[in-house]
Amino acid sequence: MGHVNNLAILRYIQTARVRWCEQMEMMPYQTEDGSGPILASVSCEYRMPLFYPDEALVQTMLEKTGNTSLTLSHRVLNGKGELAAGQGTF
């Protein structure tokens with residue numbers, strides 16, 4: 001049908017989340033002692049479909065930090081810069 005599957009959009013968000021953790025130097029801890037960040041919850045609000053072929057940009061923002069947790073927000077934009085999906089209060 002030409003649209004990107006909703007699960008693929010969550011994979012885009014997962015890739016952005018891992019890259020964010022790498023940039024914050026959180027990932028080396030996972031390989032050194034076997035512990036590291038885990039995903040406790042995920043949700044996504046779909047606003048419009050992404051179509052193939054197109055470009056997608058995922059923006060990631062640190063929303064909240066706690067003593068043992070953090071909350072990230074993500075926005076997925078299509079090639080025109082329109083909001084296609086997101087999670088959190090970005």
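Which residue in β3 is the bridge partner of Gln 59? That partner is Arg 75, and the legends below place the pair in its surroundings. This is a predicted model, in which local features need pLDDT of at least 70 and side-chain atom pairs count only at pLDDT 80 or more, while totals for chains, interfaces and linings use all residues. Residues are numbered from 1 along each chain as its sequence is written, and side-chain values use heavy atoms, with hydrogens and water left out.

**View 1. The whole chain, from helices to strands.** Welcome to the overview: two helices and four strands make up the chain, and along the sequence they follow the pattern α-α-β-β-β-β. Helices (H or I, at least four residues) and strands (E, at least two) are DSSP runs, numbered from the N terminus. The C-alpha trace spans about 45 × 25 × 20 Å along its principal axes. Of the 90 residues, 22% count as buried, where buried means under 20% relative accessible area, exposed over 50%, and partly exposed in between (1.4 Å probe, protein chains only). The accessible surface comes to about 6,700 Å², and 50% of that belongs to carbon and sulfur atoms; such areas come from the Shrake-Rupley method with a 1.4 Å probe, and for residues only the protein chains shown count as cover.

**View 2. The four-stranded sheet.** Here the strands form an open sheet with the order β1-β4-β3-β2 and antiparallel pairing. Its edge strands are β1 (45-46) and β2 (56-65), each pairing on one side only. Two strands pair if DSSP finds at least two bridges between them. β1 is joined to β4 (residues 83-87) by two bridges, and Tyr 46 has Ala 85 in β4 as its bridge partner.

**View 3. Two hairpins that share β3.** Nine bridges join β2 to β3, and these strands form a hairpin with four residues between them. Along this pairing, Val 58 stands opposite Val 76. On to the other hairpin: β3 and β4 also have four residues between them, and Gly 81 in the turn has a positive phi of about 85°. Four bridges join β3 to β4. Arg 75, the partner of Gln 59, has Gly 86 as its bridge partner in β4.

**View 4. Tyr 12 and its neighbours.** Look for Tyr 12 in helix α1. Because its relative accessibility is 32%, Tyr 12 counts as partly exposed. Leaving aside residues up to four places away in sequence, Tyr 12 touches Val 4, Leu 50, Ala 56 and Val 58; a contact means heavy atoms within 4.5 Å. The C-alpha atoms of Tyr 12 and Val 76 are separated by 8.3 Å, although the two residues are 64 apart along the chain. Across the chain, 53% of contacts between residues at least 6 apart in sequence join residues at least 24 apart.

**View 5. The largest pocket.** About 690 Å³ of space lies in this pocket. The closest to its centre, of the 23 residues that line it, are Arg 17, Ile 38, Leu 39, Ala 40 and Leu 70. The elements giving two or more residues to the lining are α1 (6-23), α2 (27-33) and β3 (70-78). On a 1 Å grid over the protein atoms alone, a pocket is an open set of points where a 1.4 Å probe fits, with protein on both sides within 12 Å along at least five of seven lines; lining residues have an atom within 4 Å of a point. Grid points are joined across faces, edges and corners, and the volume is the space filled by probe spheres set on the points.
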